[in-house]
Amino acid sequence: MTVWLTARGAGLSALILLTISTALGALVSQRGPAARRYVVQYVHRVCAGLGLGVLVLHIGTVLADSYANVGVSGALVPFTAGYRATAVALGTIAAYLFVGVAVLGLARGRMAGSVRATKAWRGLHALAYAGWAAALVHGFAAGTDSAVGWVRAIYVTCIAGVIGALAVRLAQLNPVRTQGVLK
């Protein structure tokens, strides 16, 4: 029972941490003082690292739980799990995307040498949004607590946080003209 509880808690904790990282990643390019951007970037990276660590705990405890019926191949190869294969596959795909984005994040300094490489990095780093969405659907579809009110509140809060951060980012990318004055 402890393994199962740990797997559930780690999955939700990973979702929360990776949601915070995703939302902050959207906000890191905001205009403002460099010191604020530095802090946002730092917390973005810390939450991403912690989220990946807790994700490893989630995967490990799911594999250790004989009742879960996922298995190593089910955790590593999408659509092969014995339990809710499609939902587990989304979690596997999300994990691969997050790890890939983290590796890209570590390579950012080397890729910032040219405008072309920077654009490529940004495009690939944006795969974090797809990973986050896949993780959210994975949790909702594979999670045994998805019908519980407080768990649904976590999902809704995660969705609102990322959508809100994206809205702020997009609003800054496309300034609205009001009466001929740029706001």
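The following legends describe close-up views of a predicted model.

**View 1. Packing of helix H1 against helix H8.** Helix H1 spans residues 2-27 and helix H8 spans residues 149-173. The two helices pack at an angle of about 10°, and their axes lie 8 Å apart. Because angles under 35 degrees count as roughly parallel, H1 is described as roughly parallel to H8. The crossing of H1 past H8 is left-handed.

**View 2. Residues in the contact between H1 and H8.** On the H1 side, the contact is formed by Leu12, Leu15, Ile16, Thr19, Thr22, Ala23, Gly25, Ala26 and Leu27. H8 contributes Trp150, Val151, Ile154, Tyr155, Cys158, Gly161, Val162, Ala165, Leu166, Val168 and Arg169. Sorted by class, the contact of H1 with H8 comprises 15 nonpolar, four polar and one charged residues.

**View 3. Surroundings of Cys158.** Cys158 is one of the H8 residues in the contact with H1. Cys158 is buried, at a relative accessible area of 4%. The closest cysteine sulfur to that of Cys158 belongs to Cys47 and is 12 Å away, so the pair is too far apart for a bond.

View 4. For the sulfur of Cys47, the closest cysteine sulfur is that of Cys158, at 12 Å. The structure holds zero disulfides.

Definitions and conventions. Residues numbered from 1 in each chain as written. Predicted model: local features only at pLDDT ≥ 70, side-chain atom pairs only at ≥ 80, totals over all residues. Heavy atoms only, no water. Axes fitted to C-alpha atoms, helices over the stretch in contact; angles between N-to-C directions. Helix = DSSP H or I, 4+ residues; strand = E, 2+ residues; numbered from the N terminus. Parallel < 35°, antiparallel > 145°, perpendicular 65-115°, else oblique. Left-handed = near helix turned anticlockwise from the far one by under 90°. Contact = heavy atoms within 4.5 Å. Nonpolar A, V, L, I, M, F, W, Y, C, P; charged D, E, K, R; others polar. Disulfide = S-S within 2.5 Å. Buried < 20%, exposed > 50% of the residue type's maximum accessible area, 1.4 Å probe, protein only.
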